[in-house]
Amino acid sequence: MSHGRNKYQSRESRGRVREVFLRDWDPMGISDFPGFDHEYDNYADRAYVMLMDENAGTEEIYSYLVEIAFGHMGLTGTPKLRARCRTAAERLVFLRPEFLTH
């Protein structure tokens with residue numbers, strides 16, 4: 001248990017982060033392909049730790065998503081993808097209070 005969260009709560013919250021990654025971020029467009037839904041799990045786990053243990057805000061999570069997409073994955077820094085990074089970061093920060101209360 002980390003910071004008062006039990007395994008069940010953490011697993012459920014991490015699943016919601018994963019959903020945001022697949023629905024709102026998805027820089028490689030894998031959400032339409034069965035069997036690839038775990039592709040972003042390591043990134044989602046890190047974002048969850050940033051969100052919950054490091055109290056990261058929108059800008060920190062946005063920077064992390066941009067670095068993954070453009071630096072690590074080597075994708076082109078299009079305005080559309082930057083907007084997707086921003087949306088995902090904002091949604092994750094918006095979810096934090098829910099993760100803390102259940």
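A nonpolar core is a set of buried Ala, Val, Leu, Ile, Met, Phe, Trp, Tyr and Cys residues joined through side-chain atoms within 4.5 Å, where buried means under 20% relative accessible area, exposed over 50% and partly exposed in between, with a 1.4 Å probe and protein chains only. The model is predicted, with local features requiring pLDDT of at least 70 and side-chain atom pairs counting only at pLDDT 80 or more, while totals for chains, interfaces and linings use all residues. Residues are numbered from 1 along each chain as its sequence is written, and side-chain values use heavy atoms, leaving out hydrogens and water.

Q: Which residues have the most contacts inside the largest nonpolar core?
A: Phe21, Trp25 and Leu65 have the most contacts inside this core, which has 31 residues. Helix 1 (7-25), helix 2, helix 3 and helix 4 (79-101) each supply at least two of its residues, helices being DSSP runs of H or I with at least four residues, numbered from the N terminus. Helix 3 gives the most, with 8 residues.

Q: Why are helix 2 and helix 3 called roughly antiparallel?
A: Helix 2 (residues 41-52) and helix 3 (residues 58-72) pack at an angle of about 160°, with their axes 10 Å apart; axes are lines fitted to C-alpha atoms over the stretch in contact, and angles run from 0 to 180 degrees between N-to-C directions. Angles under 35 degrees count as roughly parallel, over 145 as roughly antiparallel, 65 to 115 as roughly perpendicular and the rest as oblique, and helix 2 and helix 3 are therefore roughly antiparallel.

Q: What makes helix 3 and helix 4 oblique to each other?
A: The axes of helix 3 and helix 4 cross at roughly 140° and come within 8 Å, and the two helices are therefore oblique to each other. Residues that meet here, in contact through heavy atoms within 4.5 Å, include Leu65 in helix 3 and Leu92 in helix 4. Phe21 touches both Leu65 and Leu92, and Asp26 is also among the residues that Phe21 touches.

Q: How do you know whether Asp26 is buried or exposed?
A: Asp26, in the loop between helix 1 and helix 2, has a relative accessible area of 8% and is therefore buried. Phi of Asp26 is near 35°, a positive value in a residue other than glycine. Most residues other than glycine have a negative phi.

Q: What makes Asn55 count as buried or exposed?
A: Asn55, in the loop between helix 2 and helix 3, has 56% relative accessibility and therefore counts as exposed. Asn55 also has a positive phi, near 55°.

Note on methods:
Lists of a residue's contacts leave out its neighbours within four places in sequence.
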